[in-house]
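Hi,

Here is the structure I promised to pass on. Have a look, and my notes follow below.

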Amino acid sequence: MPAPGENMKINGQRLWDSLMEMAKIGPGVAGGNNRQTLTDADAEGRKLFQKWCEEAGMTMAVDEIGNMFARREGTDPEALPVYVGSHLDTQPTGGKYDGVLGVLGGLELVRTLNDLGVKTKHPIVVTNWTNEEGTRFAPAMLASGVFAGKHTLEWAYDRVDAEGKRFGDELERIGWKGEEKVGARKMHAMFELHIEQGPILEAEGKDIGVVTHGQGLRWIECTVTGKESHTGSTPMHMRKNAGRGLALITELVHEIAMKNQPNAVGAIGHIDVYPNSRNIIPGKVVFTIDMRTHLLDKLNGMVDELLERAPKLCAEIGVDFAAEIVGQFDPPAFDEGCVKAVRDAAERLGYSHMDIISGAGHDACWINDVAPTAMIMCPCVDGLSHNEAEEITMEWATAGADVLLHAVVETAEIVE
């Protein structure tokens, strides 16, 4: 199939202007965004995206979980579409680019093809996946997970936020519950453009990350149980300090991750201490360990070592240990053909690039199970993300969208 010419490039200023316009919806308190899923701000962002897509000549469809699919027709009505997209929802203190770049980069791709009068054999569908962040309604990547058959629609509808509001009820309330059956669509391929959310590309001076794998993940909820007692009057040798168990396991997690380098990470991110009083020795600590790597055997080995050693460490100081895996997905290896299309595009356009492993979960990780999939990453300043100070440059965004354009158009096949 013919590759697009190296002079085919997106309009970087128009993409940037669209990013800044979307950022006006659900502004954060410190320059970023708070456009959490199924809020009024989410509904407003969706409406603007739909307006832009229809102005670009696309038709919009919405499925039962609120995924948005904007379609540009191809010349072959029987050809499966090439999908491209990410998500418009943000963290409570999120940035202007996480997810949004992938959605609006897809829109800009279509605008560019329209400008150039380029037709493709396969249709191109720009997608906004619902609730990728998973902040308001856990877990993350919820709607793409339903699409890929990882969760049932009914289970997703029954997720509740901190105020007890149901996902299904909120989806209806904001008016974005569609009628299309989730997962009924078939894909020729799918590409997702995303900021790296890490420091590697910037540190290496590379324009483009060619994502070969995603990291697998295990979230292990642990409970260490000791005995509450007075911090002043309980002798040190008679204490059953659950907080000390937390400290030992914190170091254990770090040790296991370091032992499994490269590309393995582990940390404790969420901690609840009981009774959480200044002068009471903790009687119980509940915390979640996040372990990730891109090799399944290595990931399982890390978890196995944790679950073997943690109970022994706790027993030595007189406290009990229990654990349950509360979140998981196996590491995806992205489609070799799609990855090659990304790498070839970067080389054709003269952008510096390197292979990279995604340290975060993305909708593409689930879609990879049902269709050939790949990801493209661009740098972000200091690797900062999930933070209102998240920042990229227009040049980085443009390079990423250029590579996206070329990979998608080559896969969708230009019609001469």
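Which residue takes a positive phi in the hairpin of strand 1 and strand 2? Gly66 does, with a phi near 90°, and there are 5 residues between the strands. Strands here are DSSP runs (E, at least two residues) and helices likewise (H or I, at least four), numbered from the N terminus.

Before the rest, the ground rules. This is a predicted model, where local features need pLDDT of at least 70 and side-chain atom pairs count only at pLDDT 80 or more, while totals for chains, interfaces and linings use all residues. Residues are numbered from 1 along each chain as its sequence is written, and side-chain values use heavy atoms, with hydrogens and water left out.

Ala61 sits opposite Phe69 in strand 2. Met60 and Val62 make up the covered face of strand 1, with Thr59 and Ala61 on the uncovered one.

Now the annotated site. The unreviewed UniProt entry lists Asp98, Glu133 and His386 under "binding site"; positions are in the numbering used here, feature names are shortened, and such annotations may be inferred rather than shown by experiment. The three are spread over 289 residues of sequence, yet they cluster in space, with a largest C-alpha distance of 9.6 Å.

Asp98 is in the loop between strand 3 (82–86) and helix 3 (100–116). It counts as buried because its relative accessibility is 4% (buried is under 20% relative accessible area, exposed over 50%, partly exposed in between; 1.4 Å probe, protein chains only). The side chains of Asp98 and His87 make a polar contact of 3.3 Å (N or O atoms within 3.5 Å; within protein, one must be able to donate a hydrogen and the other to accept it, and residues adjacent in sequence count only if both atoms are side-chain atoms).

Glu133 lies in the loop between strand 4 (124–128) and helix 4 (142–147), and is also buried, at 9%. Its side chain has a polar contact of 2.8 Å with that of Gln91. Leaving out residues up to four places away in sequence, Glu133 touches residues including Asp98 and His386 (contact: heavy atoms within 4.5 Å).

Finally, there is an open, antiparallel sheet of 4 strands in the order 9-11-7-12. Strand 9 (264–274) and strand 12 (320–329) are at the edges, each with a single partner, so one side of each has no neighbour in the sheet.

Cheers

Note on methods
Two strands pair if DSSP finds at least two bridges between them.
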